[in-house]
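Visitor: I would like to learn how to read a model like this one. Where do we begin?

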Amino acid sequence: MDSEDALAKVTEASEAVRQTAHTVRQSLEEGQPPGQALAILRDLVREAPLPSLLVAFMLGCLLARR
């Protein structure tokens, strides 16, 4: 097996994993009705990941101190 064949197989496997992840994500989103707390939280985290991480870290620090 030469390097071109190996690269083609890796690319094919990578595309298959991406497609599977996309299908799973789409199925999960279709199964959840909009407006629930988890859906709202998911949307907020997608829009602003760094501020969400900061809030989660601060909440963790507050809970750990108690």
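Guide: Begin with a cut-off. A residue is buried when its relative accessible area is under 20%, and exposed when that area is over 50%. Partly exposed lies in between. Keep in mind that this is a predicted model.

Visitor: What percentage of the 66 residues of the protein chain count as buried?

Guide: The share is 2%. The accessible surface of the chain is about 6100 Å². Carbon and sulfur atoms account for 65% of that surface.

Visitor: Now the fold. How many helices and strands are there in the protein chain?

Guide: There are three helices and zero strands. Along the sequence the pattern reads α-α-α. The radius of gyration is 19 Å, well over the 11 Å that the globule rule gives for 66 residues, so the chain is more spread out than a compact globule. The C-alpha trace spans about 60 × 30 × 20 Å along its principal axes.

Visitor: How do I relate separation in sequence to separation in space?

Guide: Take pairs of residues and compare the two separations. Gly35 sits in the loop between α1 and α2. Gly35 is exposed, because its relative accessibility is 59%. From Gly35 to Ala21 there are 14 residues in sequence and 24 Å in space, C-alpha to C-alpha.

Visitor: Next, charges. What is the general idea?

Guide: Side chains of opposite charge can pair when their charged atoms come close. The cut-off for a salt bridge here is a nitrogen to oxygen distance within 4 Å. By this rule the count is one salt bridge.

Visitor: Which side chains meet in a salt bridge?

Guide: Arg18 and Glu15 do, at 4.0 Å from N to O. Both are in helix α1, residues 3-31. They are three residues apart, so about one helical turn separates them.

Visitor: Are Arg18 and Glu15 buried, partly exposed or exposed?

Guide: Arg18 is exposed, because its relative accessibility is 55%. Glu15 has 45%, so it counts as partly exposed.

Visitor: How are the charges placed over the chain as a whole?

Guide: Compare mean positions. The chain has 7 positive and 9 negative charges.

Visitor: One more feature. Which residues make a nonpolar surface patch?

Guide: First the cut-off: a patch takes residues with over 30% relative accessible area and no salt bridge, and nonpolar side chains are joined within 5 Å. Here Leu38, Leu41 and Val45 make a patch of about 270 Å².

Visitor: Which helix holds Leu38?

Guide: Leu38 is in helix α2, residues 37-47. Its relative accessible area is 53%, so Leu38 is exposed.

Notes: Residues numbered from 1 in each chain as written. Predicted model: local features only at pLDDT ≥ 70, side-chain atom pairs only at ≥ 80, totals over all residues. Heavy atoms only, no water. Patch = residues over 30% accessible without salt bridge, like charges linked within 9 Å, V, L, I, M, F, W, Y side chains within 5 Å. Areas by Shrake-Rupley, 256 points an atom, 1.4 Å probe, with all protein chains shown as cover. Helix = DSSP H or I, 4+ residues; strand = E, 2+ residues; numbered from the N terminus. Buried < 20%, exposed > 50% of the residue type's maximum accessible area, 1.4 Å probe, protein only. Rg over C-alpha atoms; globule rule 2.2 N^0.38 Å. Lys, Arg positive; Asp, Glu negative; His and termini not counted. Charge placed at Lys NZ, Arg CZ, Asp CG, Glu CD.
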